[in-house]
2 protein chains.
Amino acid sequence: VDTNAPWIARAAAEEGVLRAWHTVVGDDLEDLVAAFRAAGERSDLVVVTGGLGPTADDHTREAAAKAAGCELQTDPELLEAIQVRFRERGRTMHAGNERQALIPEDATATPNPLGTAPGFRMRIGAATFFFLSGVPREMEVMFEAWVRPALREARGEVEGAYRVLSTFGRAEAWVNERISDLLARRDVSVGLTAIHGRIRVTIQVVGPDAARIAEEVEAEARRRLGDVVLEEPTLEESVGGLLLARGLTLGIAESCTGGLVGKLLTDVPGISAAFAGSLVTYANEAKIAVLGVPPDLLAEEGAVSEPVARAMAEGARRVLGTDLAVAVTGVAGPSGGTAEKPVGLVWFALAAPDGTEATSRRFPGDRVMVRGFSANTALGLVRRWLLR
Amino acid sequence: VDTNAPWIARAAAEEGVLRAWHTVVGDDLEDLVAAFRAAGERSDLVVVTGGLGPTADDHTREAAAKAAGCELQTDPELLEAIQVRFRERGRTMHAGNERQALIPEDATATPNPLGTAPGFRMRIGAATFFFLSGVPREMEVMFEAWVRPALREARGEVEGAYRVLSTFGRAEAWVNERISDLLARRDVSVGLTAIHGRIRVTIQVVGPDAARIAEEVEAEARRRLGDVVLEEPTLEESVGGLLLARGLTLGIAESCTGGLVGKLLTDVPGISAAFAGSLVTYANEAKIAVLGVPPDLLAEEGAVSEPVARAMAEGARRVLGTDLAVAVTGVAGPSGGTAEKPVGLVWFALAAPDGTEATSRRFPGDRVMVRGFSANTALGLVRRWLLR
């Protein structure tokens, strides 16, 4: 699963590159050479990530040299930088680490400030190629240092603009209907992507007046979509920001999501002032012991029920001493479903100073989808309460 | 972030396809047409996912027809299937849902048993194309029904074999050194991928005796790597399987991972017999109230310390009433680090019937990496205890 490609596509879009190609090739020398040659004919600028490691299945260097028709040679400065790095960390150089100083004759080294795999830039065909580390954080730093300035220079006077709106609380079809005329515009590229109820609207414009047009389209989309548009790029950042702005604290009680709600919220740096914790009570005994859910209630109503969801939320609020607490309990599947409580049925409750509310959903899909929708819905309920 | 492509690459490898290309194109009609034509020249069989939805930015149908030089037409059976589906669910058809019954004239419909977006198969250039839903679960079901049989038929008598070993507990460079001669073999394609300490070794063979050769290489790799080779494809499945096999229960106490350890373990269906819950105590007050960590200990030693990790593990074991409990507390960053306790420092403890042990690590990288390594290390400690 590749997270580099979406990151690079977005960074390129920010610089006005709308029509990008992305090719993935296995660790096969000939396929890499063919891919580099094809990209060198098709594009002005090519970013290659990965394959620069010390192991024998990393063929990127050889393929770059072969595609450009030159040889590999050891770059003495790179070799020294690698040796220094190992010395400073007191580590032994493994066989193969020296290979990381090999770059094509025609290439210029582009140092990697965070790791031992340096990159390089070179021409293949008509395109400028940047070879970067495949480690996401290292790739990002190298991209900002080397690729973004080159993109800006290549763009020259052409204006580009890129905006993103994130929504939660309505289906993709609803969002699509509200802005279908914007999606059909020829002068603006508007796209929708949806995952587990999170819908992103991207607005890309290239050409004269790009910034103004993008701003207008964004304002119109915001007007049409109303408060399903999130305050921040992600649902968890929106919830975190609203909690911090209002000086309120949140606790969580989870069952079927197993910790996913807390994990998402703690993806947000600096959330500790608002987030107390999440009590993941997977077993019924844990619901009783940790959250104080009455055993009779569990026996009579079952763990996936409105009263248990309410008791879980109120228990988490009491134990964690928070202003708000949200609870999730459901049947994630694949087993455990019954006619009355099918796979995908999930109960939610939100305990707040003004009382406790509960709601249920029936989500489609497999375990991953049910858990993803469930965690997002729990965060969405907290956001709704904070916005009212 | 695309999970379909790795799934398809693996399924293709299982059928003996070693040299696969993967191209990603934006929602641009001309780019899609160009990509389909290029793939039609390069490959025998092409799988396309996504772009079959009801929204106006889904151009896959039009691009397929254009690449093949034919028109789109409504397939009456598909239209009826879509209408029936909406009727059964009591939902209103949105404008655009009827578009999902449009397929190229030359194409044959391939129904989607799980969703409203049907697929189709057709010839473009020299290749057979399968157009499948982009929703992972739907794509998988359609792949198994339509694509895998076609792959088998295309392969004919050529034998193919694919094996995967997963490891945890040693660095990629260590694994690489142990099996470097296997990685260099010409008759077998052996690859390594690593993420947050989880290293996968893939073994692919095509040709006469593929199954026997793959088995031999796998056995040799297992012998060299010893017990860092996991019992199951993933670390969480290995821990879950060992717990269930030994009839033991596990509880978790998390701080910096925010719920990620519990989330990973509950990715495993059927884990409820072994997993009681995870007490995510992000705030110090929660560590005191939920886990019974002494306030003096937190004040004197700090939350990221050996004694607090021990107290967290013992608290979780007591509160949840489990055989084992593992605790994680660390500095995930980007802020919160000090000279004495830098970003990346994480303490772990495992409380068991035979006593409590503790250990610390200093992980490199950003918040995502520190949290990923931390969660995996916690699971790895449980596995180590279970194996001894």
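**How chain A and chain B meet**

Mentor: In this predicted model, the side chains of R371(B) and D267(A) meet in a salt bridge, with 2.7 Å from N to O.

Trainee: What makes the meeting of R371(B) and D267(A) a salt bridge?

Mentor: A salt bridge asks for a side-chain nitrogen of Lys or Arg within 4 Å of a carboxyl oxygen of Asp or Glu. Here the N to O value for R371(B) and D267(A) is 2.7 Å, and therefore the pair qualifies. Between chain A and chain B the count is two salt bridges, and 18 residue pairs, both residues at pLDDT 80 or more, are in polar contact.

Trainee: Which element gives the largest share of the side of chain A that touches chain B?

Mentor: That share comes from strand β12 of chain A, residues 275-281, which supplies seven residues. By class, the side of chain A that touches chain B has 32 nonpolar, 17 polar and 14 charged residues.

Trainee: How many residues of each chain are in contact, and what area is buried between chain A and chain B?

Mentor: In chain A, 63 residues are in contact with 62 residues of chain B, and the area buried between the two chains is about 4,800 Å², with carbon and sulfur atoms giving 60% of that area.

Trainee: Why is C70(A) called buried, and why is C70(B)?

Mentor: Buried means under 20% relative accessible area. C70(A) has a relative accessibility of 11%, so C70(A) counts as buried. C70(B) has a relative accessible area of 11%, so C70(B) is buried by that cut-off.

Trainee: How many disulfides does the structure hold?

Mentor: Over all chains, the structure holds zero disulfides.

How values were computed: Residues numbered from 1 in each chain as written. Chains lettered and ligands numbered in written order. Predicted model: local features only at pLDDT ≥ 70, side-chain atom pairs only at ≥ 80, totals over all residues. Heavy atoms only, no water. Disulfide = S-S within 2.5 Å. Buried < 20%, exposed > 50% of the residue type's maximum accessible area, 1.4 Å probe, protein only. Contact = heavy atoms within 4.5 Å. Buried area = accessible area lost by both parts, 1.4 Å probe. Polar contact = N/O pair within 3.5 Å; in protein donor to acceptor, adjacent residues only side chain to side chain. Helix = DSSP H or I, 4+ residues; strand = E, 2+ residues; numbered from the N terminus. Nonpolar A, V, L, I, M, F, W, Y, C, P; charged D, E, K, R; others polar.
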